[in-house]
Structure formats: C-alpha cells, structure tokens
Amino acid sequence: MSIFKIIAAIVISLLGAVLLYALLSVPVRPTSGPMEVRNNSDQKERGVKVEKLIDHFKISLHLPSKQVTLGDRLSFELSVENVSSEPRELSFNSGQKFDVWVKDESGREVWRWSHDRMFTQMFETVAIKPNKRISYTVDWPLVNVSGEPVSPGDYHVFTNVVAQELKEEVLELSVTIKPGR
C-alpha cells in the first residue's frame, strides 16, 4: 500500500468518525415530521408563543410557560410552516437547522443551544409541503454555558432558523425563572 492510500484511509476514517459523532451528539427531537397545521380554534395551549411571517413561511417559538422554577427544565418548540399553496424549500449550509440562545436582563448571553456542538458540513435543501410544518424541540436545563444553574430573574429567549432564506429573522420571548423549591 502506498503512503497516499494510507493517508487517504486515515482521513476518510477520521471524517467518518466526526460525522458519526455529530449525528449521535445532537439531541434535537424533531416532531414526527411535517404535521397538520393547528387552527386557532384548537389552540388551547398554555404558555406563550410568538410568530413571524416571512415570505411564505410562518416561523413560531412556543414556550409552555412564561415562568419556570429553578431546577426544572424549559422546553422550546420552534416551527416553520409553509403557508403558501405551493411546496417551498429551505436551504441549509450544514446539519444545523436552528439555534436557541438565552440572555439575562443585562443583555449578556448565558446559554446557547449550539455551544460546543458539531454539525455536519453539507448543503441540504428541506422541502415543506403547502400548509405543513416542521418542528424542533429543545430543552434548556436552566444552566449557563459552564453548566452552573442560572440565577432567578427575567431572561430573554431568542431563536432563529439558520436556513439561508430565514437566518436573519430572530424571534424573542421573555421568561421568568423563580427560585427553586
């Protein structure tokens, strides 16, 4: 075996290991794929929601509650809905589809979902059928990037879809963290 074949085999093995690590280490729980759109009459959801209409997409951020107790977890649901009558596509430059970050009252970022995560480096196009949506759920364990519990107080939750068509659009909600029990 020549030295070039050995080097190529090592590089391919390393790339495969990195890809496998990236795929296994991303704890995103997409909902069961595209879902039927809920109309307002069956939105008896608790919590808070913000939506923004961009071109033919409605992006939404939903929090189950505006208040959470320290020691609990806060779940974020981010969804992208195609509100047009034609299929629409989103273009991604990597395996990352979205990001969520939290800032304290002073504007200092205390946590970011993508911090220390690896994503596959590939171009991907995701098609969304008319009146369908894709959703992602992320849990924040109410800790900072160092893994230490955050202090009780008011926080701002931000999210965006990192598709080329939507990456500049940021949604924001506020949440209050109460002292633990």
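Leaving aside residues up to four places away in sequence, Asp104 touches Val110, Asp154, Tyr155 and His156. Keep in mind that this is a predicted model.

So where does Asp104 sit? You'll find Asp104 in strand 8, which covers residues 98-104. And is Asp104 buried or exposed? Its relative accessible area is 12%, and buried means under 20%, so Asp104 counts as buried. Its side chain also makes a polar contact of 2.7 Å with the side chain of Ser106.

Five strands make up an open sheet, in the order 5-13-12-8-9, with mixed pairing. At the edges are strand 5 (67-69) and strand 9 (109-112), each of which pairs on one side only. From one strand to the next, the twist averages 30°. As a bit of background, strands of a sheet pair through backbone hydrogen bonds, either parallel or antiparallel. Here, strand 5 and strand 13 (residues 171-178) go together in the parallel sense, over three bridges. If you want to find one on screen, look at Val68: its bridge partner in strand 13 is Ile177.

Next up, the aromatic rings. How many aromatic pairs does a search of the whole structure find? The answer is seven. One of them is Phe98 with Trp113, and that pair is stacked, with 4.5 Å centre to centre and 25° between the planes. Phe98 is in strand 8, while Trp113 is in the loop between strand 9 and strand 10 (124-128), so this pair ties together parts 15 residues apart in sequence. Both Phe98 and Trp113 are buried.

Then there's Trp140 with Tyr155, an edge-to-face pair at 6.1 Å centre to centre and 70° between the planes. This pair links distant parts of the chain, with Trp140 in strand 11 (residues 132-140) and Tyr155 in strand 12 (residues 153-161). Trp140 is buried, at a relative accessible area of 0%, and Tyr155 counts as buried too, at 6%. Together with Phe76 and Trp111, these two form one aromatic cluster.

Let's stay with Trp140 for a moment. Not counting residues up to four places away in sequence, Trp140 touches Arg73, Leu74, Phe76, Val102, Val110, Trp111, Val150 and Ile177.

Last stop, the largest nonpolar core, which has 37 residues. Which of them touch the most other members? That would be Phe76, Val80, Trp111 and Trp140. In soluble globular proteins, nonpolar side chains do tend to be buried together.

Notes
Residues are numbered from 1 along each chain as its sequence is written. This is a predicted model: local features need pLDDT of at least 70, side-chain atom pairs count only at pLDDT 80 or more; totals for chains, interfaces and linings use all residues. Side-chain values use heavy atoms; hydrogens and water are left out. Helices (H or I, at least four residues) and strands (E, at least two) are DSSP runs, numbered from the N terminus. Buried means under 20% relative accessible area, exposed over 50%, partly exposed in between (1.4 Å probe, protein chains only). A polar contact is a pair of N or O atoms within 3.5 Å; within protein, one must be able to donate a hydrogen and the other to accept it, and residues adjacent in sequence count only if both atoms are side-chain atoms. Contact means heavy atoms within 4.5 Å. A nonpolar core is a set of buried Ala, Val, Leu, Ile, Met, Phe, Trp, Tyr and Cys residues joined through side-chain atoms within 4.5 Å. Two strands pair if DSSP finds at least two bridges between them. Axes are lines fitted to C-alpha atoms, for helices over the stretch in contact, and angles run from 0 to 180 degrees between N-to-C directions. Rings of Phe, Tyr and Trp (its six-membered ring) pair if their centres lie within 6.5 Å; planes under 30 degrees apart count as stacked, over 60 as edge-to-face and the rest as tilted.
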